[in-house]
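Reader: I would like to go through this model with you, one feature at a time. Please begin with the backbone.

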Amino acid sequence: MTVAVGSDAERTRKAAAVFAADSLPIHAICADMSDPAEINRVFEAVELQHGTVAVLVNAAGINFNRMIADVGVEDFDRLFRTNVRAAFFSSRTACERMIAASLAGRVVNITSGNYRYARPDAALYAATKSALEMLTRGFALEYGE
């Protein structure tokens, strides 16, 4: 079973439609995955219907092109909340639940090549991708075999 989580009703509907178009069974849930309480709600709902998550794919990410001088606190927090915080808490939750279920599962983080280089108006986005790259390595060291 594939479970797709969208950040709002429209994104959730679109994700479900993509999988349905390929005739794949889909369970779509709307949730803010940067909120640890919402993450727990999603994992509990999935486990009740389908069992422990065996594969987690963190694919959410946002970007905007803005020079460093033009980045505000809300912009900064939004990018890190979506691109890093959500993946961190989702991954930790998935790993802990996999361990509790004695399940050798997988966590896949979708990042980009932007973690390797800098370009004007993309420093903050590149920083979030660098953070996700390092978190991926850290999770592999602490939870992987």
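**Backbone, charges and nonpolar groups**

Author: Ser-102 is placed in the loop between helix 3 and strand 4 (106-109); helices (H or I, at least four residues) and strands (E, at least two) are DSSP runs, numbered from the N terminus. The model is predicted, so local features need pLDDT of at least 70 and side-chain atom pairs pLDDT 80 or more, while totals for chains, interfaces and linings use all residues. Residues are numbered from 1 along each chain as its sequence is written, and side-chain values use heavy atoms, leaving out hydrogens and water.

Reader: What is the phi of Ser-102?

Author: Phi of Ser-102 is near 55 degrees, which is a positive value in a residue other than glycine. Most residues other than glycine have a negative phi.

Reader: Is Ser-102 buried or exposed?

Author: Ser-102 is exposed, having a relative accessible area of 71%. The classes are buried (under 20% relative accessible area), exposed (over 50%) and partly exposed (in between), with a 1.4 Å probe and protein chains only.

Reader: What about the phi of Asp-121?

Author: Asp-121 is not a glycine either, and its phi is positive, about 70 degrees. Asp-121 belongs to the loop between strand 4 and helix 4. Its relative accessibility is 27%, so Asp-121 counts as partly exposed.

Reader: Turning to strand 4, where is Asn-109 found, and how far apart are the C-alpha atoms of Asn-109 and Ala-87?

Author: Asn-109 is found in strand 4, and its relative accessibility of 16% makes it buried. The C-alpha atoms of Asn-109 and Ala-87 are separated by 7.5 Å, although the two residues are 22 residues apart along the chain.

Reader: On to charges, please. How many salt bridges does the structure hold?

Author: There are six salt bridges in the structure, each being a side-chain nitrogen of Lys or Arg within 4 Å of a carboxyl oxygen of Asp or Glu. One of them joins Glu-38 to Arg-41, with the closest N and O atoms 3.0 Å apart.

Reader: Why are Glu-38 and Arg-41 separated by about one helical turn?

Author: Because they are three residues apart in helix 2 (residues 36-50), about one helical turn lies between them. Arg-41 is partly exposed, at a relative accessible area of 37%.

Reader: And which residue forms a salt bridge with Arg-137?

Author: The partner of Arg-137 is Glu-133, and their closest N and O atoms are 3.0 Å apart. Both are in helix 4 (residues 123-143), four residues apart, and therefore separated by about one helical turn.

Reader: Which pair links distant parts of the chain?

Author: Arg-97 forms a salt bridge with Glu-44, and the closest N and O atoms are 3.8 Å apart. This pair links distant parts of the chain, since Arg-97 is in helix 3 and Glu-44 is in helix 2, 53 residues apart. Arg-97 counts as buried at 19% relative accessibility, and Glu-44 is partly exposed at 43%. A network of salt bridges links Glu-44, Glu-47 and Arg-97.

Reader: Which residues gather in the patch of positive charge on the surface?

Author: The positive patch gathers Arg-11, Lys-14, Arg-78, Arg-81 and Arg-85. Patches take residues with over 30% relative accessible area and no salt bridge, joining like charges within 9 Å and nonpolar side chains (Val, Leu, Ile, Met, Phe, Trp, Tyr) within 5 Å. Lys and Arg count as positive and Asp and Glu as negative, without His and the chain ends, and a charge is placed at NZ of Lys, CZ of Arg, CG of Asp or CD of Glu.

Reader: Which helix gives the most to that patch?

Author: Helix 3 gives the most, with three residues. Helix 1 (9-21) and helix 3 (73-100) each supply at least two. Arg-78 is found in helix 3 and is partly exposed, at 44%.

Reader: Finally, the nonpolar groups: how many residues has the largest core?

Author: The largest nonpolar core has twelve residues, among them Ile-29, Phe-43, Leu-56 and Met-98; such a core is a set of buried Ala, Val, Leu, Ile, Met, Phe, Trp, Tyr and Cys residues joined through side-chain atoms within 4.5 Å. Helix 2 and helix 3 are the elements that give two or more residues to this core, and its largest share, four residues, comes from helix 2.

Reader: And which residues form a nonpolar patch on the surface?

Author: Val-55, Val-57, Val-108 and Ile-110 form it, with about 310 Å² of accessible area together. Areas follow the Shrake-Rupley method with a 1.4 Å probe, and for residues only the protein chains shown count as cover. Val-55 is in strand 3 (residues 55-58).
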